[in-house]
Amino acid sequence: MGGKDMILPRGNKVREDYLKKGNVLWHLRNTGGGGKGCMAGGVVLLVMALILAGLFAVTGLAKGGIVFGAFFGVPGLLMVLVGFAVHRHKMSRYISYYVKETGFDAEEIRRIEQEIHEPDMFMVGTVPIAVETRAKEKRPQIGCIITKNYMVMPMVAGKSYVRRIRDMIAATYSYRIPGMGGCRSGLVFLSRGDDIAYTNSFLTEDACQEVMEELWRRNPELITVERFAFGDRQYDIITDSPEIVKLYEEQMAKAISFKGLLTFPQ
């Protein structure tokens, strides 16, 4: 379920604050991950060590405080140091991460960053309620960025879905996204080269509609419905995504409009 979402237009203070940071792709990568998780666990152990040492000291059992403090403090310190090293290594290779995830070269990744700072960039801010975050209405997370040529959708643990808009096949809102305890609702999106449809259930339905409309405005060939037919075969964006990508590749190789070949439900 989504929380509170908002379009952040040019001149919006929140948007401008994000852009002033300089490297937005770096900051998107600099969230979550094993390194930060390890550091957080280490901090918890260090706090426990201090509390126990303090309690033993108050009761006059200083030696016991040292023993128990060391028992929690040493591994806690090691976890902090290891987590810091892991996260630092992760961030030193953030360009390589985007290259690997997208198949683009480093120059194109830098071009995406340049487009993020252009005036026509579209940005959605979000304050999710389904997951615990530091986001607040006055300082939302980035929910989605759409530039002249690219879509950047932040995911979890510092990952992002980054695609060329011209390669996007579909973006649609669905109430049928499979999930634990039943179906979820949210945005479903599929692009050339994907082996599965990706989803985002953290944005509100209104925000998802805005994203879909912005993508369609920049790529009118985008499919915005869940189901369609090609010849006698019915396709579903969620269950048939590999087949849809394959069909798209086959038809686009003929330099024709893929969308124009489809039949959509009335």
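**Entry 1: one methionine**

In which strand is the place of Met-123? I found Met-123 in strand 2, which covers residues 122-127. I note at the outset that this is a predicted model.

Buried or exposed: what does Met-123 count as? Its relative accessibility is 0%, so Met-123 counts as buried; the cut-off for buried is under 20%.

I then listed what Met-123 touches, leaving out residues up to four places away in sequence. The list holds Met-6, Ile-7, Leu-8, Arg-15, Tyr-18, Ile-142, Cys-144 and Ile-145. I also looked up the separation from Glu-243, 120 residues apart from Met-123 along the chain: the C-alpha atoms are separated by 31 Å.

**Entry 2: confidence**

I checked pLDDT before going on. The protein chain averages 87, and 91% of the residues score at least 70. Confidence is lowest in helix 4 (residues 62-92), with a mean of 77. Helix 6 (residues 106-116) has the highest, at 97.

How many residues of strand 4 are buried? I counted five of the five, so strand 4 is largely enclosed by the rest of the structure. Both faces are covered. On one side I noted Tyr-150, Val-152 and Pro-154, and on the other Met-151 and Met-153, all buried.

Strand 3 and strand 4 run antiparallel and are joined by two bridges. A hairpin of three residues connects strand 3 to strand 4. Ile-145 stands opposite Val-152 in strand 4; Ile-145 is also one of the residues that Met-123 touches.

On to strand 5. Strand 4 and strand 5 are antiparallel too, with five bridges between them. Pro-154 has Ser-160 in strand 5 as its bridge partner. These two strands form a hairpin with five residues between them. In that turn I noted a positive phi of about 55° at Ala-157.

**Entry 3: nonpolar cores**

In soluble globular proteins, nonpolar side chains tend to be buried together. I looked for such groups here. The largest nonpolar core has 25 residues. Leu-25, Tyr-98, Ile-112, Ile-116 and Ile-145 have the most contacts inside it. At least two residues of this core come from each of helix 1 (13-20), helix 2 (24-29), helix 5 (94-102), helix 6, strand 2, strand 3 (141-146) and strand 4 (150-154). Helix 5 supplies the largest share, four residues.

I took Tyr-98 for a contact list, again leaving out residues up to four places away in sequence. Tyr-98 touches Leu-25, Leu-28, Arg-29, Gly-103, Ile-109, Ser-160 and Val-162. A second, separate core has 20 residues and includes Tyr-161, Ile-165, Met-212 and Leu-215.

**Entry 4: aromatic pairs**

How many aromatic pairs does a search of the whole structure find? The search gave nine. I wrote down two of them.

In the pair Tyr-161 and Phe-189, the ring centres are 4.8 Å apart and the planes are at 70°, so the pair is edge-to-face; the cut-off for that label is over 60 degrees. The pair links distant parts of the chain, with Tyr-161 in strand 5 (residues 160-164) and Phe-189 in strand 7, 28 residues apart. Tyr-161 is buried at a relative accessible area of 2%, and Phe-189 is buried at 0%.

Tyr-173 and Tyr-175 also form an edge-to-face pair, 5.3 Å centre to centre with 80° between the planes. Tyr-173 is buried, with a relative accessible area of 11%, whereas Tyr-175 is exposed, with 54%.

I also noted one aromatic cluster made of Tyr-94, Tyr-97 and Tyr-98.

Which strands form the open sheet in the order 6-7-8 is plain from its label: three strands, with antiparallel pairing. Strand 6 (168-179) and strand 8 (198-200) are the edge strands, each pairing on one side only. Neighbouring strands of this sheet are turned by 35° against each other on average, direction ignored.

Strand 7 (residues 182-191) pairs with strand 8 over three bridges. Phe-189 has Tyr-198 in strand 8 as its bridge partner.

Last, I looked up the helices lying across strand 6 and strand 7. Helix 7 (residues 205-218) runs at about 160° to strand 6. Helix 8 (residues 241-252) runs at about 15° to strand 7.

Terms used: Residues are numbered from 1 along each chain as its sequence is written. Side-chain values use heavy atoms; hydrogens and water are left out. Two strands pair if DSSP finds at least two bridges between them. Axes are lines fitted to C-alpha atoms, for helices over the stretch in contact, and angles run from 0 to 180 degrees between N-to-C directions. Contact means heavy atoms within 4.5 Å. pLDDT is the predictor's confidence in each residue, from 0 to 100. Buried means under 20% relative accessible area, exposed over 50%, partly exposed in between (1.4 Å probe, protein chains only). A nonpolar core is a set of buried Ala, Val, Leu, Ile, Met, Phe, Trp, Tyr and Cys residues joined through side-chain atoms within 4.5 Å. Rings of Phe, Tyr and Trp (its six-membered ring) pair if their centres lie within 6.5 Å; planes under 30 degrees apart count as stacked, over 60 as edge-to-face and the rest as tilted.
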